[in-house]
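Here is a short briefing on pockets. Have a look at the model first, then read on.

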Amino acid sequence: MTRTAALRLADLTVGYDAGPVLSGVNLEVEASSVCVLLGVNGAGKTTMIRAILGRVRPTRGRVILGSGGVGLVPQEIALFPRLTVTENLAVFARLAGVPRKEVSRRVSEVLETTGLGPRRRQVVSTLSGGWQRRANVAAAILHRPALLILDEPTAGIDRAAQAMLHDLIRRMVAEGMGVLLTTHDFAEAEALASHLAILAGGHIAMQGAVPDLISTHFGGSMLLTLTPGAQMDEGQRRGLGEIGFTGTPNAPTLLIASENAGLEAVARARGHGVTPRRITLERPGIAALYARAVAA
């Protein structure tokens, strides 16, 4: 493991009676970085997290954690609803092994880091969903972990609360923490990811620094997206498929090498009876990488 790594998975294989769920997974999460882990339900993300936490035993390979260990922020709010924020943090500090004489100081530090100070005496059940999520993060970092696992941390909260949590994640990364984040939200992945790992069928189908992956897989290509003016029939969908469009019928996409190629593709789409209501042209991002990885 490199000196700055918060986590390294080396040939990690985990199996149950029905067969392997993870097979030969190699992954490294660096300090001061966010590695976004993507994959469909059943791809093995939960099993990977359980293996990192030591809750399942690998059949082969190793999990190597940086100094400081790991903190987990689960999807659910894992707090005592009838206790205040400060009372919760004091309990979780002791559960995390913080020495008794250090608890008060660590709780104060975490309240400041997460911006929870003004709500320190508020009962958790009276907090908004966004502030409860923030308190969930606070409970996970009391022992100063090298690695923080965030399992869909913004599911079910509004955009303002999501932005608040993203700012908190960036602050912790700036202070040196490595973050492994699972999400189904491509916009969230774009906002936070420095590295990307895509899990498919128990294997890492793609991983690396996001700019490097985009350059490797798409070069200088652009992504053309059509928004049809009306619902397409089967013949129109088939026609777009012949041109090379993929994705959903509401927003079919095509990789193009130049603007002229895009104009030609739009003209051919019109020839199949598809009249675009809107046309967008942008650099491919994480959604395009994901589509390529799972289709391979």
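How do the residues of the lining of the largest pocket divide into nonpolar, polar and charged? There are 12 nonpolar, 5 polar and 4 charged residues in that lining. Keep in mind that this model is predicted.

**The largest pocket**

- The largest pocket holds about 450 Å³ of space.
- It is lined by 21 residues. Leu223, Thr253, Ala287, Ala288 and Ala291 are the closest to its centre.
- H10 provides the largest share of the lining of the largest pocket, with 6 residues.

**The second largest pocket**

- The second largest pocket holds about 290 Å³ of space.
- Its lining is made of 15 residues. Those closest to the centre of this pocket are Gly71, Leu72, Phe92, Ala139 and Ala140.
- At least two lining residues come from each of strand S5 (70–73), helix H2 (85–95) and helix H4 (129–140).
- S5 gives the largest share of the lining of the second largest pocket, 4 residues.
- By class, this lining has 11 nonpolar, 3 polar and 1 charged residues.

**To recap**

- In the second largest pocket, the largest share comes from a strand, S5.

How values were computed
Residues numbered from 1 in each chain as written. Predicted model: local features only at pLDDT ≥ 70, side-chain atom pairs only at ≥ 80, totals over all residues. Heavy atoms only, no water. 1 Å grid on protein atoms, 1.4 Å probe; cavity = no way out; pocket = protein on both sides within 12 Å on 5 of 7 lines; lining within 4 Å. Points joined across faces, edges and corners; volume = space filled by probe spheres on them. Nonpolar A, V, L, I, M, F, W, Y, C, P; charged D, E, K, R; others polar.
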